[in-house]
Amino acid sequence: MAGLYCPVCNPKGENYMKLKTILMSTAAAGLMLGGTSVAVNSASHGMAPCEGCTDSLTVVSWGGAYQNSQVKAYSEPYAEATGVKFVWDESSNEAVAKLRAMNEAGNVTWDLVDVVASDAIRLCDEGLAMEIDADNDLADAPDGTKASEDFGDLMVSGCFVPQIVYSTTFGYRTDVADWGGKKPESICDVFDLENFPGKRSLEKRPINNMEWALICDGVAKDEVYDVLATPEGVQKALDKLGTIKDSVVWWSAGAETPQLLADGEVVMGSTYNGRLFSVIEEQKQPVAMLWDAQVFDLDGWIVPAGLPADRLARVKHFLKYATDTQRLADQAKYISYGPARKSSAPLVGKHAELGIDMAPHMPTDPNNAKNTFLYNYEWWADNRDDLDAKFQAWLAQ
Amino acid sequence: MADAAVSGTKTVLTTHDGKPLKVSLAKALRREKLRALMLIAPLLLFILLSFIMPIADMLFRSVENGIVAETLPKTVVALKNWDPASGEAPGEDVFAALHDDMKVAVAEKTHTRLGSRLNYDQPGISSLFRKSGRRIGRMKEGDYKQQFLDIDDGWGSVENWTTIKRLSPTITDSYFLASVDAERGADGIERKPENERIYILLFVRTILLSMAITVSCILLGYPIAYLLANLPVRTSNLLMILVLLPFWTSLLVRTSAWKVLLQQQGVINDVLVWIGLIDDAGRLVMINNMTGTIIAMTHILLPFMILPLFSVMKTISPSYVRAAKSMGATDWTTFWRIYFPNTVPGIGAGSILVFILAIGYYITPELVGGTSGVFISNRIAYHISSSLNWGLAAALGTILLVLVLALYWVYDRIVGIDNVKLG
């Protein structure tokens, strides 16, 4: 069984099941204890002073609502307490390439970079990200649990500090006349043009699409990657996708599906769950979440390799603060992504502006996570380039 | 001077201070040249540093492949004696060398980097290096082959070792082969399997679509440039602003506007349905395909056609047309025989501008091209920013550059580059 690349995991490598169990238990705890402890806020404010640190920080993130949630939850309170000046760069999308270019030029201008887990693994492989010693560099949970244990198997790379769990899932319009009152309930309804006619939007890359196609072609969930490793398996997945190819609009930016759904240009489409939350709850569009076979993924921080001592000291100081239990829970007030620490889950409260309970909108909520799929980082790191070539060739045909 | 030449004597002409005139002149000219060079030095240096050198560096990446020999120096030497045709993985000596190399590489954290490089040619090899890197410190002395095989039986695969051996030289053609959908198989260079061929298709499509865009720019731009050049100043100024306004608007805004207009629930389809030209089920698909790319890019590149055309038309004297008409030519003959030939330099300049800009366009095809309207530049961007396969991106870029230069040469042969005029 191919495990996740996880230096802190047990050597036996049953990481999948463990990761899943942790995600589920996190969510369950969140549901039971949701909203009970709100007053912890000021408790962890007593920060150690930062010796020999720079007084500014260049942080790279995704822009938009996500970056905003980080500004609100991490950088504003930190700046208030320390007076540090923050410079935000919305370059996470091309962070890997830019970091490599900066590294080659010998002038890394970024201090802290927000990337998805697969990019973090790539950056770690390339020697562009610094290894992080979780127990020394990160804060313990309030009950004294070590950080490495609190994050658990979500630390999928030695260079990666996870912040949130997000999922790629489907949203569908609730007012499609052609469906005759039926609502899609399973991932396979995406492939069912007879009962659910209309256009769909899918991401213009093989990841997730290939897995969904195989699951709906009758492959068992835990055999998906074994099947996909064979040329026949790849063909099988492409053939299944081929049944709906003419009805698919392919997206490359996460904002596209919400827009296409709102315009009525597609009747269902995949995107990140936080984007759908904003379409449904903030913009009140007639859209609902499918959640079935949602694919969990992680987003978090990496520190570029080779920072000078004073900048590194500042980054470590901020990182320790920004990834502590309360801060991660605070972020969920602004966006519907689940905190990556086990200890943060019980602290997840209400949305800061809408005032609605956030727990039911988290991808890890038990009601949403009845059928989930775990992205296999190691497998995709090995096969991404090869499969992407095949997938793009298939698309171009 | 004439006297000296006529008399045929060997008197050397000198300046007033006694130096030979020739020497003195040469010195003055040299000084002149040096001064000229000094004057352009800042610009020359700037272009050299910020334009020529980065391009040369990028082009060099398409063949550069030092990483294998640098990371696994001993293994590469040991592999020289191994014959892939034997059908068996290399022997203990190679694995011992691999162990030594890996120890150094893990300390310097370069082993995973090598893994990613090899993974472009052999899927699965990156995890081999990642896994082995974690366990290399715990290896015991002796029987390294078995120990490596215990970590992952991928080390016993002849295919993996063939890839390492093949990529050992510091210069490689693998990126160029990949960018023309070929690879080095057991018996020389062969085409990739059908389901992996994509780049040639994209090159051909990029060129054909760029030509289509250039032609539609000529067809749409010509009448507008004519109006601009011939209407009274007040009207033509207003028209000029209308041409330039979109030129100053953000590219993304214009591309998104086309989405709103062209999509199936968009403005154009809504109007067509409303006036009853098409029914609701038969809405036209005008975006996320080739049509979308052509429409949006024609609009974006139109000013680059109109402006050179306009500046050329402005210089055509109206008396030519009047003269032709006074001699009895019809309107059409006047236009076709007199006016049009005079505008050809403008068409040439506009076409070169539009075509070269179009061939390297990337953001608009990405947004409105769907699957049938994407360009080769989209794949280059993918390899630069996502897959980090800069070697392949450089090879694709080199081919694109050579294609443009070749087309330029053909153009020069057929039309003549002297015939191009920007005004």
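Which residues does L301(B) touch, not counting residues up to four places away in sequence? The views below, taken from a predicted model, begin with that residue.

**View 1. L301(B) and its partners in chain B.** Leaving aside residues up to four places away in sequence, L301(B) touches I213(B), C217(B), V354(B), L357(B) and A358(B). L301(B) also belongs to the largest nonpolar core, which has 161 residues, and it is named there with L112(A), A120(A), L123(A) and I302(A) as the residues that touch the most other members. The element that gives the most to this core is helix α15 of chain B, residues 290-314, with 14 residues. In soluble globular proteins, nonpolar side chains tend to be buried together.

**View 2. Another nonpolar core, of 24 residues.** The domain assignment of chain B gives domain 1 as residues 2-61, domain 2 as residues 67-172 and domain 3 as residues 199-419. Between the C-alpha centres of domain 2 of chain B and domain 3 of chain B there is a distance of 51 Å.

**View 3. The side of chain B that touches chain A.** Here 32 residues of chain B are in contact with 30 residues of chain A. On the chain B side, at least two residues are supplied by each of the helices α6 (111-119), α7 (125-135), α11 (199-230) and α19 (376-385), and α6(B) provides the largest share, five residues. Sorted by class, this side of chain B has 18 polar residues, together with seven nonpolar and seven charged ones.

**View 4. Two crossing helices in chain A.** The axes of helix α7 of chain A, residues 209-216, and helix α9 of chain A, residues 231-242, come within 8 Å and cross at roughly 85°. Because angles of 65 to 115 degrees count as roughly perpendicular, α7(A) and α9(A) are described as roughly perpendicular to each other. The contact is made on one side by N209(A), M210(A), A213(A), L214(A) and C216(A) of α7(A), and on the other by G233(A), K236(A), A237(A), K240(A) and L241(A) of α9(A). By class, the contact of these two helices has six nonpolar, two polar and two charged residues.

**View 5. Chain A as the setting of the two helices.** Chain A has 14 helices and eleven strands, and buried residues make up 51% of its 397 residues. Among the contacts in chain A with a separation of 6 or more, 75% are accounted for by residues 24 or more positions apart.

Notes
Residues are numbered from 1 along each chain as its sequence is written. Chains are lettered from A and ligands numbered from 1 in the order in which they are written. This is a predicted model: local features need pLDDT of at least 70, side-chain atom pairs count only at pLDDT 80 or more; totals for chains, interfaces and linings use all residues. Two residues are in contact if their C-beta atoms, placed from the backbone, lie within 7 Å. Helices (H or I, at least four residues) and strands (E, at least two) are DSSP runs, numbered from the N terminus. Ala, Val, Leu, Ile, Met, Phe, Trp, Tyr, Cys and Pro count as nonpolar, Asp, Glu, Lys and Arg as charged, and the others, Gly among them, as polar. Domain bounds come from an automatic or database domain assignment. A nonpolar core is a set of buried Ala, Val, Leu, Ile, Met, Phe, Trp, Tyr and Cys residues joined through C-beta atoms within 7 Å. A residue is buried if 20 or more other C-beta atoms lie within 10 Å of its own, exposed if 12 or fewer, and partly exposed in between; C-beta atoms are placed from the backbone. Axes are lines fitted to C-alpha atoms, for helices over the stretch in contact, and angles run from 0 to 180 degrees between N-to-C directions. Angles under 35 degrees count as roughly parallel, over 145 as roughly antiparallel, 65 to 115 as roughly perpendicular and the rest as oblique.
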